[in-house]
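Work through the exercises below with the sequence and the model open. Try each task before reading its solution.

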Amino acid sequence: MGRPGLIGLAARTAVVAGTATAVSGGMAASRERRAQEQQQAEQFQASQQQAQVDQAAQQAVAAQQPAAPAAASGVDVVGQLQNLAALHQSGALSDGEFEAAKQKLLGL
């Protein structure tokens, strides 16, 4: 019952090496999974930002359309003014652009 024989030593070495390989593989898989999740989160955030930019651009284009046809067709002027105010507050429209779009919308 002294020291392990050659076969016991080889078996112990194999167990240690196998455990180290399994731990290393698990850690690598975990790192890869975290990297993929982060990449997906960044892509989602970028798509959300792009959607906000697209929406602001559409609202700005709608705000710059002539006011006379809009008033004649019965478009909700109050709703458009609210959209302009929201764009102005978000920084999509400068003070001058906001005033010009408001004057067009009101037909002044």
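**Exercise 1. Contact range and fold outline**

Among contacts in the protein chain between residues at least 6 apart in sequence, what percentage join residues at least 24 apart? Then list the elements of the chain.

Solution. Step 1: the share of such contacts that join residues at least 24 apart is 57%. Step 2: the chain holds 4 helices and 0 strands. Step 3: from the N terminus on, the order reads α-α-α-α. Step 4: 11% of the 108 residues count as buried.

**Exercise 2. Confidence**

This is a predicted model. Decide which helix has the lowest mean pLDDT and which has the highest.

Solution. Step 1: the mean pLDDT over the chain is 82. Residues that reach 70 or more make up 85% of the chain. Step 2: go element by element. Helix α2, residues 67-72, has the lowest mean, 49. Helix α1 has the highest, 88. Step 3: where pLDDT is low, the predicted coordinates should not be read in detail.

**Exercise 3. Packing of α3 and α4**

Classify the relative direction of helices α3 and α4, then describe their contact.

Solution. Step 1: α3 spans residues 77-90 and α4 spans residues 95-106. Their axes come within 10 Å and cross at roughly 175 degrees. Step 2: angles over 145 degrees count as roughly antiparallel. The pair α3 and α4 is therefore roughly antiparallel. Step 3: α3 contributes V77, Q80, L81, L84, A85 and H88 to the contact. α4 contributes D95, F98, A101, K102, L105 and L106. Step 4: sorted by type, the contact residues give 8 nonpolar, 2 polar and 2 charged.

**Exercise 4. V77**

Is V77 buried, partly exposed or exposed? Find its contacts beyond four places in sequence.

Solution. Step 1: V77 lies in helix α3. Step 2: its relative accessible area is 28%. Buried means under 20% and exposed means over 50%, so V77 is partly exposed. Step 3: leaving aside neighbours within four places in sequence, V77 is in contact with L105 and L106. Step 4: V77 and K102 are 25 residues apart in sequence, and their C-alpha atoms are 9.9 Å apart.

**Exercise 5. The nonpolar core**

Which residues make up the largest nonpolar core, and which helix supplies the largest share?

Solution. Step 1: the core has 8 residues: A60, A63, L84, L87, L93, F98, A101 and L105. Step 3: the largest share, 3 residues, comes from α4.

Conventions:
Residues are numbered from 1 along each chain as its sequence is written. This is a predicted model: local features need pLDDT of at least 70, side-chain atom pairs count only at pLDDT 80 or more; totals for chains, interfaces and linings use all residues. Side-chain values use heavy atoms; hydrogens and water are left out. Axes are lines fitted to C-alpha atoms, for helices over the stretch in contact, and angles run from 0 to 180 degrees between N-to-C directions. Helices (H or I, at least four residues) and strands (E, at least two) are DSSP runs, numbered from the N terminus. Angles under 35 degrees count as roughly parallel, over 145 as roughly antiparallel, 65 to 115 as roughly perpendicular and the rest as oblique. Contact means heavy atoms within 4.5 Å. Ala, Val, Leu, Ile, Met, Phe, Trp, Tyr, Cys and Pro count as nonpolar, Asp, Glu, Lys and Arg as charged, and the others, Gly among them, as polar. A nonpolar core is a set of buried Ala, Val, Leu, Ile, Met, Phe, Trp, Tyr and Cys residues joined through side-chain atoms within 4.5 Å. Buried means under 20% relative accessible area, exposed over 50%, partly exposed in between (1.4 Å probe, protein chains only). pLDDT is the predictor's confidence in each residue, from 0 to 100.
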